[in-house]
Amino acid sequence: QSVAILGAPFSKGQKRRGVEHGPKAIRDAGLVERLSNLDYAVHDFGDLTFKHLEKDEHFMHVPFPRTVGRANQLLSGAVSGAVGAGHTCIMLGGDHSLAIGSVEGHAQHCPDLCLIWVDAHADINTPLTSPSGNLHGQSVAFLLKDLQNKMPEVPGFSWMKPFLSARDLVYIGLRDVDPGEHIILKTLGIQYFSMRDIDRMGIQRVMEVTLDHLLARKQRPIHLSFDIDAFDPSLAPATGTPVNGGLTYREGIYVTEEIHNTGLLSVMDVVEVNPTLGATPEAVEATTSLAVDVIASALGQTREGAHVAFPKIP
Ligand SMILES: N[C@@H](CC/C=C/[B-](O)(O)O)C(=O)O
Ligand SMILES: [Mn+2]
Ligand SMILES: [Mn+2]
Ligand SMILES: [Mn+2]
């Protein structure tokens, strides 16, 4: 089993500086060693280099549309290459606008992929519904075929076209959804599990229903887009849009253990780690080591332990 690590030091999908330092911070928390210990052949492709386009005025109230679009076009090619080379791909953000390129690049090889979006936020605003204009809150709207009659032509995104069906997407962890997003979730009938649903059902049942919804008809590659702000801010404080009442450590790890156990994980994004937003070095370290933990868990690290098959107790 081989895993490719792709760093995407990018921040223009939102306004707070520092999230571009996420990839280095997650690496510094020991990602490569942890994955090597899981018997993966680790191919660290390093960090992509993103150009900041000089002339890039707003589209409506959306900042940096061309810069974000170009970054995602570059990322799409890199993810497509990694998946095409047979690697399981770990994309380190950077802000969540990067999921546009990551999922699009993945779909080039796996058009039947399904998407599990773990996040406090739905990231499904269109430019017309977005309260902030920030593209990290609009990523899913760029991916969905079902929303195309609601999406304007945003400069910088003419290289892609939407390919995902609403039924191939499940949200876990929602607790800060804008009115425009709520209309879209309900109108398209998107399957989501808010933090209230997790409180009611428990994370085991949420994962059972999620994986049944996505895989019962047929097994297919999973794209896991994990926003670190899905976790409670007490666990992941170094992030740009923290929201109280998030996933516990155990819930987040259970989510990734269950996804690993399908054997179908193909690409995982880990985004919105902003090492400049931790109040203390310990807060930053807690956030980055949590990111490493969920990646390791998604790739097979188990809480119960593991061993290679011995014929008998040594
Ligand atoms: N819904 C808000 C917040 C967006 C949050 C984006 B994040 O989930 O990628 O952190 C917006 O659209 O501005
Ligand atoms: Mn602005
Ligand atoms: Mn997000
Ligand atoms: Mn979020």
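Predicted model: local features only at pLDDT ≥ 70, side-chain atom pairs only at ≥ 80, totals over all residues.
Residues are numbered from 1 along each chain as its sequence is written, chains are lettered from A and ligands numbered from 1 in the order in which they are written, and side-chain values use heavy atoms, with hydrogens and water left out.

A donor here is an N, O or S atom within 2.8 Å of the metal (3.2 Å for Na, K and Ca), and since water is not among the atoms, sites may look incomplete. As for the labels, four donors are tetrahedral if all angles lie between 85 and 135 degrees; four are square planar and six octahedral if opposite donors are over 155 degrees apart and all others between 65 and 115; anything else is irregular.

Next comes the other manganese ion. Ligand 3 sits 3.3 Å from ligand 4, and Asp119 coordinates both. The protein donors of ligand 3 are His96 (ND1), Asp119 (OD), Asp123 (OD) and Asp227 (OD), at 2.1 to 2.2 Å, spaced H-x22-D-x3-D-x103-D in sequence. This site is irregular too, with angles of 61 to 173° among its 6 donor atoms.

How exposed or buried are these residues? Buried means under 20% relative accessible area, exposed over 50%, and partly exposed in between (1.4 Å probe, protein chains only). Asp119 has a relative accessible area of 0%, so it is buried, and His121 is buried as well. Asp123 counts as buried because its relative accessibility is 5%.

Strand E1 (residues 2-7) is also mostly covered, with 6 of its 6 residues buried. Strands (E, at least two residues) and helices (H or I, at least four) are DSSP runs, numbered from the N terminus. On one side of E1 sit Ser2, Ala4 and Leu6, and on the other Val3, Ile5 and Gly7, all of them buried. Two strands pair if DSSP finds at least two bridges between them. E1 runs parallel to strand E2 (residues 41-47) over 5 bridges, with Gly7 opposite Asp47. E1 is also parallel to strand E3 (residues 88-92), again joined by 5 bridges, and there Val3 has Thr88 as its bridge partner.
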